[in-house]
Amino acid sequence: QVQLVESGGGLVQAGGSLRLSCAASGRTFSRYAMGWFRQAPGKEREFVAGISWSGYVSNYADSVTGRFTISRDNAKNTVYLQMNSLKPEDTATYYCAAKPTDVDYVRFRETFEYDYWGQGTQVTVSS
């Protein structure tokens, strides 16, 4: 089992940047695929970015491709989401998620595929 704690959210102007962090407990973090999702008020939770347990495979939602970068440091049990060129439509609560897997290259993009979730961190982008 793994526990996830997000941090790094806040208020930023359009065009600005934020870096979210997700710290995970547990000794087998390196065998978890990780994902970032977001949920705006009145909307369903949506996939933002995912990364394989080795870090070699990553994938992004079309809406953030070229602006967001997911990365991980298995030695620190932490996954990051660097968000650049932020837009007001990026405003949402951002959640970190983890999925134990023996396969490194599979891309998990659906909420039901992840087993563990953090409590979320709020990102607000002003226009």
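Two strands pair if DSSP finds at least two bridges between them. Strands (E, at least two residues) are DSSP runs, numbered from the N terminus. The model is predicted: local features need pLDDT of at least 70, side-chain atom pairs count only at pLDDT 80 or more, and totals for chains, interfaces and linings use all residues. Residues are numbered from 1 along each chain as its sequence is written, and side-chain values use heavy atoms, with hydrogens and water left out.

Strand S9 spans residues 92-100. Of its 9 residues, 8 are buried (under 20% relative accessible area, with a 1.4 Å probe and protein chains only). S9 pairs with S4 through 8 bridges, and the two run antiparallel. In this pairing, Ala33 stands opposite Lys99 in S9. S9 also pairs with strand S10, residues 116-117. Here 2 bridges are found, again in the antiparallel sense. Ala98 stands opposite Tyr116 in S10. Strand S11, residues 121-126, is joined to S9 by 3 bridges and runs antiparallel to it. Thr93 stands opposite Gln122 in S11.

Rolling a probe the size of a water molecule over the atoms shows where empty space is left. A cavity is a set of points, on a 1 Å grid over the protein atoms alone, where a 1.4 Å probe fits but cannot get out. Grid points are joined across faces, edges and corners, and a volume is the space filled by probe spheres set on the points. The search finds 1 cavity of 30 Å³ or more. The largest cavity holds about 50 Å³ of space. Lining residues have an atom within 4 Å of a point. They are Ala33, Met34, Gly50, Ile51, Ser52, Val57, Asn59, Val106, Arg107, Phe108 and Tyr114. Strand S4 (32-39) and strand S5 (46-51) are the elements that give two or more residues to this lining. By type, the lining divides into 7 nonpolar, 3 polar and 1 charged. In this count Ala, Val, Leu, Ile, Met, Phe, Trp, Tyr, Cys and Pro are nonpolar, Asp, Glu, Lys and Arg are charged, and the others, Gly among them, are polar.

Asn59 is one of the lining residues. Asn59 lies in strand S6, residues 58-60. Asn59 is buried, with a relative accessible area of 6%. Contact means heavy atoms within 4.5 Å. Not counting residues up to four places away in sequence, Asn59 touches Phe47, Val48, Ala49, Gly50, Arg107 and Arg109.

How values were computed. Helices (H or I, at least four residues) and strands (E, at least two) are DSSP runs, numbered from the N terminus. Buried means under 20% relative accessible area, exposed over 50%, partly exposed in between (1.4 Å probe, protein chains only). On a 1 Å grid over the protein atoms alone, a cavity is a set of points where a 1.4 Å probe fits but cannot get out, and a pocket is an open set with protein on both sides within 12 Å along at least five of seven lines; lining residues have an atom within 4 Å of a point.
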